[in-house]
Amino acid sequence: MRIIFAGIHGWTKAFLQLVQERREALYTEHGFAPTVVGVIDGERAVVTEPGFDTGELISVAERMMTRGGGFEELADKNHGLIDAAQAIQEAPADVLIDTSWTSLADAQRGVQRLKLAFRSGLHVVSVNMMPLARALPALLELAEYNRVVFRFSGGVAGGTPIIEFAEACARGDEITHFNAVFGVPTDFILRPMHESSVGFATARARLAPDEYLDAGVDGIITAINLVVFSNVILRRPITIDDVDIAGLRIVDRDRIEEAREAGKCVRLVGEIRDTPMVAPKDVELGSPLDTRWEHSAAIVGLRHAGDMTISGHHGGGYGWATAILRDVLEIWHEIGSRS
């Protein structure tokens, strides 16, 4: 399998290290021996048909994470820089793995990249969830039209296989509701608010500016997970504009104290019943939605079997990397079944 990466940073490094570590097992169990033939950074790219040396790519990712350099040197060794769109259209690749980051306001740029990949015959694994927030129904339809596989497990619940779990639960039963809590807002905002008895403004001021963190506390990350669940599991086509979102900025110290006195804690909960919504809610201490550090949890409500619960570690380099690898292997086997 030949791969193009859009984005070269920690997720890229973790995926490459995971594949390198498991190379023998992946080939023995799946006949899988991937080669990275292209790397995209913003609107520029480097492509080499023989494929890059994995160790060199890991080194470049480390340097770009710390000092921001290394991409130009990679280009100098491999025929120079080309336009990112040209790389997607012309590189000898099977799969685009999109680990880039775009804000919700800039999501359309990511949407156009995915559409170009589909039209170019590339299967896609996306960890960048902002394009899905804005256009998942259209992207799913376009992928099907172009007969390519589109997967995005790495962006759902930080890699915890909630979608696969829900699909298994729904076989032979009917889903009546879905509730979930995702790690970032709980870990960095709500837990300090409970432990220090402070309001949102104080808790947020203690942390450095961070777009991903703010997307979490504003309910955007949770809402995107609801968009995915609704489209993929419930077959209800929605975008983020259909989700009623209230983030954590409305939570003050009094709200935290009231929950504590009632034997509860505040969590940012995503819920789908009749309509999808995200809001701070009081949950029972020790309940499935009272998540531990760096964990996400979900409850899938079934008409006959009752509530089914899954929880798992939220993200981190290897958390995302294993989810990306699951998606890539699924595509690899799908390609094999078509030949």
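This is a predicted model: local features need pLDDT of at least 70, side-chain atom pairs count only at pLDDT 80 or more; totals for chains, interfaces and linings use all residues.
**View 1. Strand 5 and its two partner strands.** Strands of a sheet pair through backbone hydrogen bonds, in either a parallel or an antiparallel way. Strand 1 (residues 2-6) pairs with strand 5 in the parallel sense, over four bridges. Strand 5 also pairs in the parallel sense with strand 6 (residues 123-126), again over four bridges. Asp-98 of strand 5 is the bridge partner of Ala-6, and Asp-98 has Ser-126 as its bridge partner in strand 6. Leu-96 stands opposite Val-124 of strand 6. Between strand 5 and strand 6 the chain passes through helix 6 (residues 107-119), and this β-α-β crossover is right-handed.

**View 2. Helix 6 against helix 7.** Two packed helices are described by the angle between their axes and by the distance between the axes. For helix 6 and helix 7 the angle is about 20 degrees and the axes are 9 Å apart. The two helices are therefore roughly parallel to each other, and helix 6 passes helix 7 in a right-handed crossing. Residues of helix 6 in the contact include Ala-107, Gly-110, Val-111 and Leu-114. On helix 7, the contact residues include Met-130, Pro-131, Leu-132 and Arg-134.

**View 3. Helix 7 against helix 12.** Helix 7 (residues 130-145) packs with helix 12 (residues 220-232) at an angle of about 15 degrees, and their axes are 8 Å apart. Helix 7 and helix 12 are therefore roughly parallel to each other. Their crossing is left-handed. Helix 7 contributes Met-130, Leu-132, Ala-133, Leu-136, Pro-137 and Leu-140 to the contact. Helix 12 contributes Ile-220, Ile-221, Ile-224, Val-227, Val-228 and Asn-231.

**View 4. Phe-52 and its contacts.** Phe-52 is in the loop between strand 3 (44-47) and helix 3. Its relative accessibility is 9%, so Phe-52 counts as buried. Apart from neighbours within four places in sequence, Phe-52 is in contact with Val-36, Val-37, Gly-38, Val-39, Val-46, Val-47, Leu-57, Leu-74 and Asn-78. Ala-117 is 65 residues from Phe-52 along the chain, and the C-alpha atoms of these two residues are separated by 21 Å.

**View 5. Thr-54 and its contacts.** Thr-54 belongs to helix 3 (residues 54-66). Thr-54 is buried, because its relative accessible area is 18% and buried means under 20%. Leaving out neighbours within four places in sequence, Thr-54 is in contact with Leu-16, Gln-20 and Arg-23.

How values were computed
Residues are numbered from 1 along each chain as its sequence is written. Side-chain values use heavy atoms; hydrogens and water are left out. Two strands pair if DSSP finds at least two bridges between them. A crossover is right-handed if, with the strands pointing away from the viewer, the path from the first strand over the helix to the second runs clockwise. Axes are lines fitted to C-alpha atoms, for helices over the stretch in contact, and angles run from 0 to 180 degrees between N-to-C directions. Angles under 35 degrees count as roughly parallel, over 145 as roughly antiparallel, 65 to 115 as roughly perpendicular and the rest as oblique. A crossing is left-handed if the near helix is turned anticlockwise from the far one by less than a right angle, and right-handed if clockwise. Contact means heavy atoms within 4.5 Å. Buried means under 20% relative accessible area, exposed over 50%, partly exposed in between (1.4 Å probe, protein chains only).
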